[in-house]
Amino acid sequence: MGIKHLAQVGDPHRSTIFTQAWITDQQWHLTDDWAEQWQRYIQALTETHIKLHEQDDELIWAPAKTGIYTPKLGYLKLIEDKKPDLLKNWWSDIWQLQAQPRTRLLMWNILANKIPTGENLKRRAFAGPTWCVLCNKAEESSSHLFLTCEVTIEIWQQVKQSLNITTAWHAEDIPTAWTHWWTAVTSEKARNLPLVVSTYIWYKRNDIIFEEGRGNWQILPPSICAAYTEIPFDNKTNSPRHIIPEIINRDMPWAYFDGAASAQGCGGGILFHFTDTHFFHLRLGLGLGTNNHAELITLRHLLYFALSKNCRQVQIFGDSMIVIDWANNKSICHTYSLKHILEEIVFFKTHFDRITVSHIYRERNTTADRLSKEAADRPLGDWMIEEYSPDGMHRFYHRPYIDGLQQGDILPF
Ligand SMILES: [Zn+2]
């Protein structure tokens, strides 16, 4: 490149050679041979680019008009034969879906150690400073910038904390870190994270160098998290569930149930529709137990509630696949404490002329889910029923705790 730091020789009185013992009265006490050499040297100096000034010595950056080196000028000088626009493409786009192929290309370049970090530029005879602009503490290499820089480590820490991801982005080199990451994370979306983080770090680094932006990297973690959150699920392992609304025959009642278990106790939630405009909300305190226990007891109460309303036909929906399969005799319950509840459910089912118990996704069961959670801190046997009528009437029944009720007992509606 032929770029060198040039020495500017200033006021000779400030130069140390004038304090040497062999100089007196500003006169040279040199032998004739040395005096001749000295004359030649001064002559050579004046003929070259070194200018003599009455100023302090300083380092200047020759390609800059001001003589002051900036990382921007250094990199621009280096890549001027590479069309800066090409480089600019890499960081000019904030994360967008359309930018994904390019972003992937960047990651590929990072992995292949082909991006123009200071270390790589030096290999191409770049003589300028190649310090990391993020931390200003080490030479910039790919593995420093994307792996070991203290700023990068801090960014990763904050991002992982916000996204609740525990997998480590750490290894001796980037390809190893990349491989570890891909093996350790199971979600396809999380696999994209090194790509997003590295893109933003690269963006920031270029911003500091080329736009002479400020080094406030603190804005990066929230931006990274926002970009990451916007990545759609685009794969089979983690694609959004294609939720088809349950098919309801509105000629007969339909109902949703859910169970919730917490340390305080279990709750059951039921949404029971006679029609679209005539329906019930039930919240049942169920005492202590597991989630399957809460689900099963709630289903049993739902059947009991329907029968107590002289209902002989019902379509039931729940989001617990295991409980639905038990109720449909598609799988066998091996938990002893749950078996007798299941037997009662099967027995109650025989009292209906028409009954279906179908699985739906949680997303379709939000009301029953909410009711069950609200019921979870109610004591065993405590229940609340709200009735919504077509005439706009809203009736509310509450029966507080009944003494002597056993866990699993049917609540008398
Ligand atoms: Zn650094």
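Which residues of helix H11 (residues 220-230) are buried?

1. Helix H11, buried side. The model is a predicted one. In it, the buried residues of H11 are Leu 220, Pro 221, Ile 224 and Tyr 228. Viewed down the axis of H11, these buried residues fall within an arc of 95°, so they line one face of the helix. An α-helix has 3.6 residues a turn, so residues three or four places apart point the same way.

2. On the face of H11 turned away from its buried side, the exposed residues are Pro 222, Thr 229 and Glu 230.

3. Helix H8. In H8 (residues 174-184) the residues Ile 174, Ala 177 and Trp 178 are buried. Down the axis of H8, its buried residues fall within an arc of 100°, so they too line one face of the helix. Thr 179 and Thr 183, on the other side of H8, are exposed.

4. Largest nonpolar core. This core has 37 residues, and those with the most contacts inside it are Ala 255, Phe 257, Ile 270, Leu 299 and Leu 302. Two or more residues each come from strands E5 (254-261), E6 (266-273), E7 (279-287) and E8 (313-318), and from helices H12 (291-308), H13 (321-327), H14 (336-349) and H15 (366-375). H12 gives the largest share of this core, eight residues.

5. Beyond its neighbours within four places in sequence, Leu 299 is in contact with Phe 257, Gly 318, Val 323, Ala 327 and Ile 345.

6. Whole chain. The chain contains 15 helices and eleven strands. It has 413 residues, of which 29% count as buried. Among contacts with a separation of 6 or more, 69% are between residues 24 or more positions apart.

7. Confidence. The mean pLDDT of the chain is 75, with 64% of its residues at 70 or more. Over residues 1-26 the pLDDT is below 50, and this stretch has 41 contacts in the model beyond near neighbours in sequence. Residues 80-99 also stay under 50 in pLDDT, and the model gives that stretch 16 contacts beyond four places in sequence.

Terms used. Residues numbered from 1 in each chain as written. Predicted model: local features only at pLDDT ≥ 70, side-chain atom pairs only at ≥ 80, totals over all residues. pLDDT = per-residue confidence, 0-100. Contact = placed C-beta atoms within 7 Å. Buried ≥ 20, exposed ≤ 12 C-beta atoms within 10 Å, placed from the backbone. Helix = DSSP H or I, 4+ residues; strand = E, 2+ residues; numbered from the N terminus. Arc of directions from axis to C-beta. Core = buried A, V, L, I, M, F, W, Y, C linked by C-beta atoms within 7 Å.
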